[in-house]
Amino acid sequence: MRDGPVGGRPTFTLVQVPEAPPSEEEMAPIFSTPVQDGKRREGDIFRPGPGPMVELRGVIKTYDGNSRGLAGVSLQIDTGEFVFLVGPSGSGKSTFIRLIIRELRPTSGAVIVGGRDLGELRRSKVPYLRRAIGCVFQDFRLLPDRTAAENVAYALQVTGHSQKEVRRRVPEILSLVGLDGMFDRLPRELSGGEQQRVSIARALVNHPRLRIADEPTGNLDPETSLGIMELLLRINRTGTTVLVATHDQHMVDHMQMRVIALDEGRLVRDEESAGYHEEPGEAMA
Amino acid sequence: MRIGMFFREALRSIRANAAISVAATVTALIAVFILGAFIPSFMYVRSAVDAQKAKVDVDVYIADTATVPQVNALRDKLDGLRTDGTVAAVTYVSKDDALRIMRERLRDPSVLDELPSNPLPAKFNVQPTDAEDADVIVAAVKDDPALDTTEGIVYPEATADRLLTAAKFVQWAGLVLIGILLLAAVLLIGNTIRLSIFARRREVEVMRLVGATNWFIRWPFMIEGVICGLVGAAAAVVMLWGIKVGVVDAWASGADTALTKTGSAAGTITFPLLTVVLVGAGALLGAVGSGITLRRFLKV
């Protein structure tokens, strides 16, 4: 994928990793996801099997009043895919993501994640669903009174990892996203881009099967954005499903991945190896 | 390992919301203090009433003409009541004893020397196990042939009835008051903890979004509540101790000299036991208060 149109850039590594891109060994903490071995991890609620990772069947979501979230969307995202979710503000991208992590429930239709119909998922199982999905939120959603390291550690503590393992894995992953030397800073002492990377580290540290990022490059400079995309791409190559909601046109054009476009809650385009906008030629066809 | 982590989380939360934690602690302090002042007072009143109840006794007077077998039959009847538990004690007071008691009571006993013979009847002084059983005893012996026809049976019926009513009232009023106090304390602490959680609802939401189970979120808040409850209870116990030593004990020793003959029977809960009860109540208040409040915040 590196041989895309923006290949002129020297590296896609993260800004704080100055020398070479991280070695495979350094990436081990996020690449060790057991996706293909069919083994179920402890507390894993995803059903093993070849089915799609995410499936929406005629999903309608209306909010109080008349505002539309989604207006009848059906689609599938297969295990191991890398998908961009694009569309203008208010097109339903965030609703889509919040339905997948069951922060919201559809007004009608079914949302199926990892073989589980979320409409039938018991409330007590929702935390396990969320652990299996690493989500980077648009507004980061960091815990304000905790340092960068503590924020990442929380995601590990939630899943019952030992203190020893937390101490080992947190610095690893924070270094990986380029936050060396900032482990003990509180979110308010970090820049927007740095907070975003803490959020990414938190989403990666649990080896989720499905990684979702809502505007992961929203407030970042182009170089950092590319670094993050590169990281997501490398994670995807190990078999992890990646879903990125963005309106970073440049990024989408550059990556040439599957693109799902929403507009006013409707699916308007679903295309492999595509750019941000419809090709004028295809529109005619 | 997990317990340690939950404790660290609770302490972090107390530090982060110092003002609210202090408010919860003060709430617990006030609630426990009132409870701690009320419990011993209530128990003192109850025990005083019980002591009065114990003084309700039945005097069964024996006719001078009664034969020895008749008196023995009456004694057997009363002993029978003692074996079935109605009667606590039976004391025989002979004519001579009665006269001697009378002599001791009179300021000028020489008037008794004028009497041609001893006019006082002998009696059985019967102590009921429960003041309410006085009626049973009276019913059992009222037609006994050995009974003195003029004196008959004497017991303080009106006093007994009034005491029993008072005892029941004290008991129920006390229980209701304690119940209301506890409920108010739980609601107050719950409210305070709700402020703490409300201040951090975004945080709780984030915790849920990264996959924390409800109990994982709940434990630190519960521990926070228990810590506030315990600290408040401890402070209340210290204040109560000061009041007991400085005020109540001093007053009670003064009262004892003035009312030597009545004060001694009534007691109350001991301070160490009260401390245990109050500290337990403080911990429970904190846990229940935060537990109830959390339920509503963990639904999404």
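**Two crossing helices in chain A**

Helix α4(A) passes helix α6(A) in a right-handed crossing. The model is predicted. The contact draws on A:Ala148, A:Asn151, A:Val152 and A:Ala155 from α4(A). From α6(A) come A:Val198, A:Ala201 and A:Arg202. By type, the contact residues divide into 5 nonpolar, 1 polar and 1 charged.

Now the geometry. Two packed helices are described by the angle between their axes and the distance between the axes. Here α4(A) covers residues 148-158 and α6(A) covers residues 192-204. Their axes come within 8 Å and cross at roughly 25°. Angles under 35 degrees count as roughly parallel. Therefore α4(A) and α6(A) are roughly parallel to each other.

An α-helix has 3.6 residues a turn, so residues three or four places apart point the same way.

Next, take α6(A) by itself. At 1.5 Å a residue, its 13 residues should span 18 Å. The end C-alpha atoms of α6(A) are 18 Å apart, which agrees.

Is α6(A) enclosed or open? Of its 13 residues, 11 are buried, so α6(A) is largely enclosed by the rest of the structure. The buried set includes A:Val198, A:Ala201 and A:Arg202, which are also the α6(A) residues in the contact with α4(A). Also among the buried residues are A:Glu194, A:Arg197, A:Ile200 and A:Leu204.

Finally, step back to the whole chain. Chain A holds 9 helices and 10 strands. Of its 285 residues, 43% count as buried. Among contacts in chain A with a separation of 6 or more, 72% join residues 24 or more positions apart.

Notes
Residues numbered from 1 in each chain as written. Chains lettered and ligands numbered in written order. Predicted model: local features only at pLDDT ≥ 70, side-chain atom pairs only at ≥ 80, totals over all residues. Axes fitted to C-alpha atoms, helices over the stretch in contact; angles between N-to-C directions. Helix = DSSP H or I, 4+ residues; strand = E, 2+ residues; numbered from the N terminus. Parallel < 35°, antiparallel > 145°, perpendicular 65-115°, else oblique. Left-handed = near helix turned anticlockwise from the far one by under 90°. Contact = placed C-beta atoms within 7 Å. Nonpolar A, V, L, I, M, F, W, Y, C, P; charged D, E, K, R; others polar. Expected span 1.5 Å × (residues − 1). Buried ≥ 20, exposed ≤ 12 C-beta atoms within 10 Å, placed from the backbone.
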